[in-house]
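Let's take a walk through this protein together, starting with the spaces inside and then moving on to the charged contacts and the surface. Keep the viewer open as you read.

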Amino acid sequence: MDPSKPVKAVKNAVEDVVENVAEKAAELLPSEVPGSPGSAAPSVERPTTPVEPLPPKTSQGAPDTRSATGAQLGCPAHLLGQQGEYLTTAQGLRLRDTDHSLKAGDRGPVLLQDHHLREKITHFDHERIPERVVHARGAGAHGVFEGYGTAGELTMAGFLAEGKQTPVFVRFSTVLGSRGSADTVRDTRGFATKFYTDEGTFDLVGNNMPVFFIQDGIKFPDIIHAGKPHPDTEIPQAQSAHDTFWDFVSLHTEAQHHTMWNMSDRGIPRSYRMMEGFGVHTFRFVNAAGETVLVKFHWKPVLGVHSLVWEEAQMISGMDPDFHRRDLYNAIESGAHPQWELGVQVFPDTPDQMFEGIDLLDPTKIVPEEAAPVQAIGRMTLTHNPRNFFAETEQVAFHLGNLVPGIDVTNDPLLQVRLFSYVDTQLTRLGGPNFSQIPINRPHAPVNDMLRDGFHQDAVHAGVAPYQPNSLDGGNPFPTEDGSFVDTPVVVSEARKVRANPVSFEDHFSQVTLFWQSMSAVEKEHIIRAYTFELGKCFHEAIKQRQLQCLANIDPVLCQEVATGLGMPAPAPTLETVAVEPSPALSQVGQVWPGDGRMVGIVMDDNDDVAAVRDAIFAAGMVPNIIAAHGGKVAGLPVQRTFATARSVEFDALLLAGCPAPAPDALPNRDAKAGADAAPGLDPRVQLLVEECWRHAKVIGAWGAGQQVLDLAGITGAPGVVGGDDATAVLAQVQELMGNHRVWERFPVSVT
Ligand code: HEM
């Protein structure tokens with residue numbers, strides 16, 4: 001690139017190149033099935049002609065090109081990355097060789113003077129930064145939020161105005177696991193959203209569960225130490241099924257509500273796209289007249305709330321530990337842009353901050369939606385994947401204290417501690433105090449602070465008087481009332497300094513019972529199984545016994561079933577059971593939802609014709625994967641999975657177009673899956689696929705010879721199993737059944 005050219009000319013030249021390469025990429029790549037690693041197909045031969053860096057995939061977005069102080073730079077986002085066709089050092093010096101270090105002779109020692117070697121190795125040596133102390137494992141996406149204007153009377157927050165569009169970046173995460181841990185472990189999921197509003201950045205840092213383990217943030221290090229791997233063995237990774245976790249939650253019984261959510265299907269979501277999000281704490285809305293209400297934030301996924309089944313989650317942890325990350329990336333790439341409605345439950349801002357007997361400052365409590373309906377105030381659509389995971393997803397820094405006029409905090413003692421913790425940890429994680437200047441964290445509102453210097457200072461501040469008041473810089477920057485954040489002048493009543501909770505925080509069980517009683521029978525079965533599994537993995541009887549006592553105080557049937565599984569006596573309750581009104585909104589079962597971005601496997605033989613069905617699946621907004629005996633193409637269609645590489649857990653539904661005979665590689669010594677029991681004449685890996693889909697209550701469809709597989713598996717005519725001669729008609733029925741997520745009626749239940 002010629003540095004003497006004016007910026008606009010350079011910009012145009014780059015855009016031309018980008019367009020040309022994008023056209024070339026479009027010619028080369030099959031567009032429909034997501035997952036291609038780059039925007040252009042590679043050549044077999046090593047490329048020899050220099051080209052400009054290839055453009056990112058069209059499904060990828062990047063942080064807006066803003067200066068460190070929020071000004072729009074207006075250059076194309078790809079200029080934030082590498083430029084030009086020739087290899088250079090970090091100083092822009094062209095290099096002719098990066099494969100050989102400078103040596104005293106070709107068999108001699110490496111010379112210290114090799115500045116390129118030193119720069120390359122030194123930078124590499126420092127590539128890692130500390131992972132987050134919690135929520136280390138995550139995936140992010142760019143999107144846009146559009147306000148409905150329905151919150152206009154409650155809050156002056158500008159981004160909630162009708163039709164107002166605000167860019168967002170979202171990061172979903174697990175809590176306990178390290179950065180490289182599996183996505184589908186049983187855990188709470190983080191759901192953090194950064195709104196780049198005109199009035200400054202607003203962060204809504206929530207979870208996929210509306211309650212938290214503890215009532216007071218001072219216990220946060222304790223619950224996390226208990227959930228993380230044991231300090232002596234560093235086992236187990238990303239799991240709550242171990243002694244220290246259950247030791248803590250059975251001793252701090254306020255954790256029982258959150259623990260029940262974890263043991264429910266909410267702990268193993270099918271997809272980040274299919275999770276609710278909750279702000280957990282109660283926040284305060286302030287309108288233009290200074291009037292306030294208390295609110296709880298909810299994200300409602302347009303695709304509904306859905307989960308894995310436990311065996312599936314465990315298998316995925318091995319088969320595809322990146323399952324949720326991949327699902328989000330692939331859905332966005334295939335055009336199934338995930339959406340959520342943002343809603344609020346609204347409560348009067350009374351001095352006691354209670355609503356119908358529920359303490360709104362207690363983060364272990366919900367307010368049932370039946371008592372305070374969620375009112376929709378906007379919609380978020382995730383439109384682009386990040387271009388660079390480290391730059392965006394890893395370096396994004398959320399903070400509850402990033403507020404805008406019209407949204408304020410409350411005295412929830414968990415929230416209060418969080419207000420301290422996030423910036424504090426980011427000082428270490430992101431290497432100094434200037435992390436808000438990292439591109440993904442740059443506000444889209446003008447920044448005129450008096451913060452100066454520090455590691456990685458990107459701004460070049462002018463002026464001599466970064467203090468207030470001053471006369472040397474003309475008094476700039478001026479504090480103002482105009483559009484500024486005002487701390488709500490809440491009355492803090494005279495009180496003694498104490499280390500204590502209010503009495504209203506003492507009820508640890510009634511809402512856990514409420515949750516249990518709101519579940520459908522199949523969800524209760526899953527909860528029983530989850531407690532039995534988790535406690536069954538604990539070593540010490542005393543811990544199991546203590547947790548059983550908690551279950552006895554929640555529900556006698558739950559306690560008895562888990563105790564039976566553990567081979568222990570069920571204790572009698574020590575608390576009086578309270579009558580609760582179930583909240584149907586808590587159950588995930590019983591509604592019909594869209595299937596956008598769902599994965600459909602199609603098993604086919606060499607001669608089967610599935611082109612029309614494959615097209616129909618694309619047209620329905622889902623992603624078909626052809627599964628065949630070998631890779632390459634079958635009947636002119638690209639094969640995504642072979643019998644050797646496919647596993648049922650990747651698919652939401654399975655279609656059988658043929659009844660493939662054992663392939664040449666169906667040898668147990670080559671592929672242990674081929675050792676599965678199979679009917680004569682059927683490839684055992686196909687039988688295994690069908691069996692697992694059956695076991696995980698997935699819809700199975702078959703036509704033509706595929707129906708023989710149903711017969712051989714003995715499931716013809718069973719619930720959620722569709723057979724027929726017409727492939728398109730079978731697909732239509734399969735799609736309809738998929739709207740229920742799973743074939744829940746396939747298995748009997750023992751509890752009501
Ligand atoms: C006092 C209690 C809590 C403390 C001290 C705390 C502390 C932290 C810390 C230190 C991080 C790592 C942040 C970073 O490195 O950038 C974090 C991340 C996170 N926390 Fe908390 N947390 C608390 C409670 C909660 C609660 C109640 C929620 C949900 C409402 C929550 C949601 C999250 C999320 C979503 C992240 C990940 C943010 C991201 O994606 O970067 N935390 N928390």
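Predicted model: local features only at pLDDT ≥ 70, side-chain atom pairs only at ≥ 80, totals over all residues.

Sorted by class, the lining of the largest cavity holds 10 nonpolar, 4 polar and 5 charged residues.

## The second largest cavity

Next comes the second largest cavity, which holds about 110 Å³ of space. Here 14 residues form the lining, and Val175, Leu176, Asp187, Thr188 and Phe213 lie nearest the centre.

Which element gives the largest share of the lining of the second largest cavity? That is H3, with 3 residues. By class, the lining of the second largest cavity divides into 7 nonpolar, 5 polar and 2 charged residues.

Now for a space that is open. The second largest pocket has a volume of about 1200 Å³. It is lined by 39 residues, of which Gly200, Pro443, Val447, Asn448 and Asp449 are the closest to its centre.

Strand S5 (200-207) and helix H9 (413-429) each contribute at least two residues to the lining of the second largest pocket. If you colour this lining by class, you will find 16 nonpolar, 17 polar and 6 charged residues.

## Salt bridges

The structure holds 34 salt bridges, and a few are worth a visit. In one of them, the side chains of Glu541 and Lys544 meet at 3.6 Å, N to O. Both residues belong to helix H12 (residues 541-554), where they sit 3 residues apart, about one turn of the helix. Are these two partners buried or exposed? Glu541 has a relative accessibility of 44%, so it counts as partly exposed, whereas Lys544 is buried because its relative accessible area is 8%, under the 20% cut-off.

A second salt bridge pairs the side chains of Arg647 and Glu692 at 2.5 Å, N to O. Arg647 lies in the loop between strand S18 (641-642) and strand S19 (653-656), while Glu692 lies in helix H15 (residues 684-695), so this pair ties together parts that are 45 residues apart in sequence. Arg647 and Glu692 are both buried. Asp683 and Arg685 also meet through their side chains, at 2.7 Å, N to O, and both of these residues are buried. There is a network to look at too: Arg270, Arg273, Asp327, Arg598 and Asp652 are joined into one by salt bridges that share partners.

## A nonpolar patch on the surface

Moving to the outside, Met450, Val464, Tyr467 and Leu472 form a nonpolar patch on the surface, and together they have about 400 Å² of accessible area. Take Tyr467 as one of its members: this residue lies in the loop between H9 and helix H10 (510-518). With a relative accessible area of 39%, Tyr467 is partly exposed.

Val249 is located in helix H4 (residues 243-251). Why does Val249 count as buried? Its relative accessibility is 0%, and buried means under 20%. From Val249 to Gly454 there are 205 residues in sequence and 41 Å in space, C-alpha to C-alpha.

Tyr86 is our last stop, in the loop between strand S1 (60-61) and helix H2 (115-125). Its relative accessible area is 41%, so Tyr86 is partly exposed. Tyr86 and Glu52 are 34 residues apart in sequence, and their C-alpha atoms are 8.3 Å apart in space.

Definitions and conventions:
Residues numbered from 1 in each chain as written. Heavy atoms only, no water. Nonpolar A, V, L, I, M, F, W, Y, C, P; charged D, E, K, R; others polar. 1 Å grid on protein atoms, 1.4 Å probe; cavity = no way out; pocket = protein on both sides within 12 Å on 5 of 7 lines; lining within 4 Å. Points joined across faces, edges and corners; volume = space filled by probe spheres on them. Helix = DSSP H or I, 4+ residues; strand = E, 2+ residues; numbered from the N terminus. Patch = residues over 30% accessible without salt bridge, like charges linked within 9 Å, V, L, I, M, F, W, Y side chains within 5 Å. Areas by Shrake-Rupley, 256 points an atom, 1.4 Å probe, with all protein chains shown as cover. Salt bridge = Lys/Arg side-chain N within 4 Å of Asp/Glu carboxyl O. Buried < 20%, exposed > 50% of the residue type's maximum accessible area, 1.4 Å probe, protein only.
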